[in-house]
Amino acid sequence: MAKKKIVIIGGGFAGVFAAKELRRKMGKDADIELINKDNYFVFQPLLPEVAGGGINSSDAITSLRLLLKNIQVRLAEVIDVNFDEKVITVLQGTKRMPVEVSYDQLVLAMGQTADLSRFPGMTEHALTMKYMGDAFTLRNHVIRCLEHADVAQVPEIKKRLLTFLVVGAGFSGVETVGEVKHLIDKSLKFFPNISPDEINVKLIEFADRILLELPASLGEYAQKQLEKHNIEVLTGVGVNSATGTSAELSTGEIIQTKTVVATIGTGPNPLVEKLGLEMQWGKIKVDRCMRVPGKEDVWALGDAALIPLSDTPTERHDFAPPTAQFAVREGKQLGLNIRRVLNGWELKEFAYVSQGSMASLGASKAVAEVNGIKLKGFMAWVLWRSFYLSFLPGFVTKMRVFLNWTLHSFVPRNISLIEPPTKAATKYVHFRKGDVVFDRGMIADGFYTVIEGGFELDFKDAETGKHIHREYGPGQHFGERIILGRDKRTGKVKATEDSVCLWVARDDFKRFAKGFPMLDEYFKGYIAEKFGEEAARPKKD
Ligand SMILES: Cc1cc2nc3c(=O)[nH]c(=O)nc-3n(C[C@H](O)[C@H](O)[C@H](O)COP(=O)(O)OP(=O)(O)OC[C@H]3O[C@@H](n4cnc5c(N)ncnc54)[C@H](O)[C@@H]3O)c2cc1C
């Protein structure tokens, strides 16, 4: 059998476990490549603990290269798949150059994304809990609120800073609210001007009870535990909208707060949406063997896929749920199925029954249902920790998490405010004579205004085929066609002398133009005048 190339998009639970199984079963018979936006694997169930400062963010992740021995790891973002040519386009490198990667078998494991667009203001102002950066940001945000509240002089501002809302009382909402409250409680002794009764933490759930995934008795116990730690639990209430200083509930009540954490609202991964595959509930439809219908060599699994668990699925519970527990089993089964298809053997349908669920409540308490047995309190919490420790991939990560847990049982939480330098939306960029600013086919990253020096543009008119050459000096600009929705550069710009430009990031430039209609009109008129009416027509490349 000729060596086959198997490409996996996504380095979460589903992608990583599929890659490991493939390596184990295929030996040297296949080249396996995993493409991921980050070079590490995130153990998402531990994100609330990172937000609560119980685990350092760098200790709850594992390098993909460490996890995936003898597998090519590519740090890149996939932007397109051509199923006919069997080619994937990725953006990689510091210049985010588009590069093509071919495959014989393709595995789609890109997960889902947070989508709060249904709730006005939530996308802009709510914090989410999906990526490592989210957990890190939430921890910093809580500490910053305490810092500012400790010295606040206006009572309304202090109250707003000390009011924390977590929206959604599924596993991640309950665990997040418990951990945030624990972080606050353990840190208050360092903030002499904040009294514990000034802290106002609320958990908001639209359903009539919390933790719907668990039996009602465990949900009730969890609610009582949270309330015992002065977390107010509001059920049958949703959040309608948010601003930078308040949230409006479905009851019409406006709560003044600087903190809204949304653990609700998932949406399809933007790449998944773009692929033109059959979708349902924002997921790729697959057959019981996880193969995409009509595509012999394309598979999907994990949160990105809708995997039927019976031959006549209709309801949500007839499909594999979006959990790590399932994603791991799906990954293993998919690895076996790809080997089967390459050997011409019959495929096996995915079948798995959940072994149970657990939720940590903070303060050494948890609830769990394992194989029908209900557990709560300290024992459930010990089980929760033991299970996740055994579930963590890689010995090094297990050790790091274990040491974090042990250490944080004895020492106070670290309340240092570690702010990553904010990425400026504008910056000065220096070029030497001859440096290429961008070339044809590159992703349009931003807009450039010349501050000093000079540049030349070479551009071929798509309609007439005519070659256009332009020169730019101080005060002039280039790269403005992103305003029309262009994703890729159509020309090449080079510095003709040592020069300096002011660079404005793509999305900021677009937002700015949208907010200032005069600016938008100016650029559209400019493009039409300099490059012709065709070039000024809004369209995607
Ligand atoms: C806070 C939280 C707590 C949770 N707790 C539990 C729990 O206790 N138990 C449980 O079973 N489950 C839990 N889950 C759910 C579980 O984590 C998910 O079901 C699981 O992570 C799904 O795995 P996945 O591989 O399908 O997707 P993901 O883990 O989301 O991985 C997808 C990967 O694909 C990458 N990617 C996406 N698009 C591209 C692209 N275009 N190019 C390159 N790479 C791309 C992403 O960067 C990511 O690394 C929790 C989830 C969250 C958010």
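In the predicted model, strand β20 (residues 283–285) runs parallel to β22, and two bridges join these strands. Within this pairing, Lys-285 stands opposite Leu-306 of β22. Both strands belong to an open sheet of three strands, arranged in the order β19-β20-β22 with mixed pairing. The edges of the sheet are formed by β19 (279–280) and β22 (305–306), each of which pairs on one side only.

At the level of the whole protein chain, three domains are assigned. Domain 1 comprises residues 4–112 + 267–354, domain 2 comprises 122–263 + 357–410, and domain 3 spans 426–531. A distance of 30 Å separates the C-alpha centres of domain 1 and domain 2. The contact between these two domains draws on 23 residues from domain 1 and 26 residues from domain 2. On the side of domain 1 that touches domain 2, at least two residues each are supplied by β3 (40–42), α2 (47–51), β4 (61–63) and α3 (64–67). The most is given by α2, with five residues. Classified by residue type, this side of domain 1 holds 15 nonpolar, six polar and two charged residues.

The ligand is surrounded by 34 residues, of which the closest are Gly-10, Gly-12, Gln-44, Gly-111 and Gly-302. Several secondary-structure elements each supply at least two residues of this shell, namely the helices α1 (13–26), α2, α7 (171–187) and α10 (324–342) and the strands β2 (30–36) and β5 (72–82). By class, the shell divides into 17 nonpolar, twelve polar and five charged residues. The ligand lies between domain 1 and domain 2, because both domains give residues to the shell around it.

A further helix contact involves α13 (residues 506–515) and α14 (residues 517–531). The axes of these two helices come within 5 Å and cross at roughly 110 degrees. Helix α13 is therefore roughly perpendicular to α14, as crossing angles of 65 to 115 degrees are counted in this class. Phe-512, Ala-513 and Lys-514 make the contact on the side of α13, while Leu-519, Asp-520 and Phe-523 make it on the side of α14. In terms of class, the contact contains four nonpolar and two charged residues, and no polar residues.

Terms used
Residues numbered from 1 in each chain as written. Predicted model: local features only at pLDDT ≥ 70, side-chain atom pairs only at ≥ 80, totals over all residues. Domains from an automatic or database assignment. Contact = placed C-beta atoms within 7 Å. Helix = DSSP H or I, 4+ residues; strand = E, 2+ residues; numbered from the N terminus. Nonpolar A, V, L, I, M, F, W, Y, C, P; charged D, E, K, R; others polar. Near = placed C-beta within 6 Å. Axes fitted to C-alpha atoms, helices over the stretch in contact; angles between N-to-C directions. Parallel < 35°, antiparallel > 145°, perpendicular 65-115°, else oblique. Pairing = 2+ DSSP bridges.
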